[in-house]
Amino acid sequence: MDWKKIFDSLGMNGTRWQWKMMRWERIWRSFWRGEAATEGLSFSRGLVALNIALFVGMVILGLKSGRGLTPILSPDTKLLISAGAQYWPYVFDYHQWWRCITYAYTHGGLIHLGFNMMVLYQVGPLIENEIGSSRFFILYTFAALAATVAGFFWHPLAPVVGASGSLFGLIGFAIAYYHRVGPAAHDLRNHMFRWAIFAFVFGIIVGADNSAHLGGAICGAIIGMFFPIGVRGRQNLSGLFNILAVVTIGATIISLLILTFNWVVWLFFSGG
């Protein structure tokens with residue numbers, strides 16, 4: 001779309017609104033070309049902000065339902081489920097399939113949130129700059145889905161929250177992808193591998209959901225094994241990537257909208 005011509009016809013050439021529209025158009029086009037976010041924007045940093053916002057929403061739910069400030073460090077199981085946790089009995093009995101996505105944006109306390117967001121803040125931009133924002137989000141979402149499926153086979157009745165399955169997906173992708181890139185990237189591959197080992201051991205010590213971690217890591221590694229390294233290969237698959245981007249973004253938006261609606265219902269009609 002020629003925004004300059006449109007604003008010229010309106011007598012608004014050179015206005016800040018014209019430059020803003022042109023800027024967003026460039027960002028939009030780069031997103032669908034599989035490029036990393038530009039002009040000071042970062043999709044991965046946006047996910048950090050989204051996770052923090054949803055955590056604040058959960059804390060507000062806790063306050064409104066008489067739980068005080070306890071949910072900041074230790075939200076109870078009922079609150080976590082109401083805030084979007086994965087809980088397979090509800091998925092099957094009440095068809096709440098949106099939980100397969102929203103659980104990855106729900107966290108069990110400030111420490112849990114802080115650790116996961118630190119990893120996302122550090123690893124996310126690295127992968128996003130390498131494969132592009134839309135591909136990054138596809139990877140992030142697919143890893144979350146693989147992680148929760150793995151968790152189902154290990155503990156189908158346990159409520160699960162956290163972005164760690166997606167984060168392990170990013171790490172697994174990095175290990176496989178940078179191994180294929182060649183010796184110049186092997187230091188980065190080794191760094192990610194050590195990080196994965198440390199996180200798995202730490203998960204065992206603190207009783208974290210290592211089945212989800214493993215599921216996310218395997219999903220990421222498989223994608224990393226086949227993701228095109230060269231520009232031509234990525235261009236050849238751009239149609240498929242764009243379809244997957246539409247599906248994953250659409251599913252995430254719908255899931256979060258359903259979650260928000262359920263928050264309103266739970267808050268004002270169930271009494272917490």
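Phe115, Met118, Phe193, Ile197, Phe198, Val201, Phe202, Ile205 and Val206 form a nonpolar surface patch. Together they expose about 860 Å² of accessible area (Shrake-Rupley method, 1.4 Å probe, with only the protein chains shown as cover). Patch residues have over 30% relative accessible area and no salt bridge, and nonpolar side chains are joined within 5 Å. A salt bridge puts a side-chain nitrogen of Lys or Arg within 4 Å of a carboxyl oxygen of Asp or Glu.

This is a predicted model: local features need pLDDT of at least 70, side-chain atom pairs 80 or more, while totals for chains, interfaces and linings use all residues. Residues are numbered from 1 along each chain, and side-chain values use heavy atoms, without hydrogens or water.

Helices H7 (110-131) and H10 (186-206) each give two or more residues to the patch. Helices are DSSP runs (H or I) of at least four residues, numbered from the N terminus. H10 gives the most, seven residues. Val206 lies in H10.

Elsewhere, H9 (residues 164-181) passes H11 (residues 210-226) in the model.

Definitions and conventions. Axes are lines fitted to C-alpha atoms, for helices over the stretch in contact, and angles run from 0 to 180 degrees between N-to-C directions. Patches are made of residues with over 30% relative accessible area and no salt bridge: like charges are joined within 9 Å, nonpolar side chains (Val, Leu, Ile, Met, Phe, Trp, Tyr) within 5 Å.
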